[in-house]
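Hi,

Here is the structure I promised to pass on. Could you take a look at the charged side chains when you have a moment? My notes follow below it.

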Amino acid sequence: MTSSYQHHATLVNYMYQSKHTVILTGAGMSTESGIPDFRSRSGWWKDIDPLTVATEEALHKNYDLFHEFYSARLKGLGDIKPHKGHFIIAKWEQDGLVQSVATQNVDGLHHEAGSQNVDQLHGSIHSFRCHDCGMKGVKQQFLEKESCSNCGGHFRPNVVLFGEALPDDAWDSALFHIQKADLVIVIGTSLQVYPVSQLPRMTSGKTAFINKEIGSEQSFFDVTIEGSAGEALSVIEQLLNS
Ligand code: BV8
């Protein structure tokens, strides 16, 4: 094994020793499927201030802009499929090496790859409700800007906007698993968004960080792997099988 895989090997050892492993993912987990992340140079928010689109205030005061942003996101998901990294995580769950996945991603790719125990901390872009009365809606009603038949309100995707609380069930479940974890593997997130940014600090287990760019976080984690999620997870999978 070359020395460049030493960190991967360390993580493999942690995985063997851990009885309860949690994976925490962010937008970098999905870029290899073709979905832009948020804060990178080519991310969604390179030209748009998130506080002008991804907030309740935008939904009320500038529904057209809110609608344009989330319609573009939805249309961009058209042919998107999970990549090898998503499938490896799902296989690890089946093999008993991973107990749960907590994700900030709203794209549903972990489920699509076969992961069962997934906490979607920022909701899902694939389900819809009326923002005013909560009545369930469907994608077509949102895309066509239909008004709610119950109250006349606007439809929106079930994502968590800035200033909104995270869904209790997803948060409680993620926290339960993180507090029980012997190992938390954080993948493809800038850890800039509260409260998910705090989760890696809420475990007494080992912590690992896989990301394209590793900055000052390095000192916090027990092991860091700088590189793409798909590549790093493939190398780890090979080491687990060797
Ligand atoms: C809350 C909507 C309690 C869903 C998103 C000041 C003003 C206003 C609010 C605040 C404030 N200060 C603090 C806050 C709280 C706020 C917050 O944290 N703001 C920050 C930004 C300052 N948080 C909230 O409001 C949260 N709620 O606190 O509730 C409350 C309630 C009421 C009143 C008071 C308090 C709600 C947060 C939800 C935000 N919703 N978007 C959507 O449209 O998808 S945020 C958005 O960021 C996405 O949801 C995304 O999931 C999330 C996190 O981003 P990341 O996943 O980390 O993505 P990012 O692009 O940043 O990083 C990707 C990384 O991957 C990069 O490092 C890149 O290098 C790497 N990468 C890329 N490709 C790869 C890779 N790595 C490996 N492999 C690759 N291939």
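Glu112 and Lys81 pair up through their side chains in a salt bridge, at 3.6 Å from N to O. Glu112 sits in helix 6 (residues 109-113), while Lys81 is in the loop between helix 4 (63-76) and helix 5 (84-94), so this contact ties together parts that are 31 residues apart in sequence. Lys81 is exposed, at 53% relative accessible area, whereas Glu112 is partly exposed at 43%. Bear in mind that this is a predicted model.

That pair comes from a search of the whole structure, which turned up 6 salt bridges.

Glu237 bridges to Lys91, with 2.9 Å between the closest N and O atoms. This one links distant parts of the chain: Glu237 belongs to helix 9 (residues 229-241) and Lys91 to helix 5, 146 residues apart. How accessible is Glu237, buried or exposed? Glu237 comes out as buried, because its relative accessibility is 12% and the cut-off for buried is under 20%.

Lys61 is exposed, with 68% relative accessible area, and Glu57 is partly exposed at 47%.

Cheers

Notes:
Residues numbered from 1 in each chain as written. Predicted model: local features only at pLDDT ≥ 70, side-chain atom pairs only at ≥ 80, totals over all residues. Heavy atoms only, no water. Salt bridge = Lys/Arg side-chain N within 4 Å of Asp/Glu carboxyl O. Buried < 20%, exposed > 50% of the residue type's maximum accessible area, 1.4 Å probe, protein only. Helix = DSSP H or I, 4+ residues; strand = E, 2+ residues; numbered from the N terminus.
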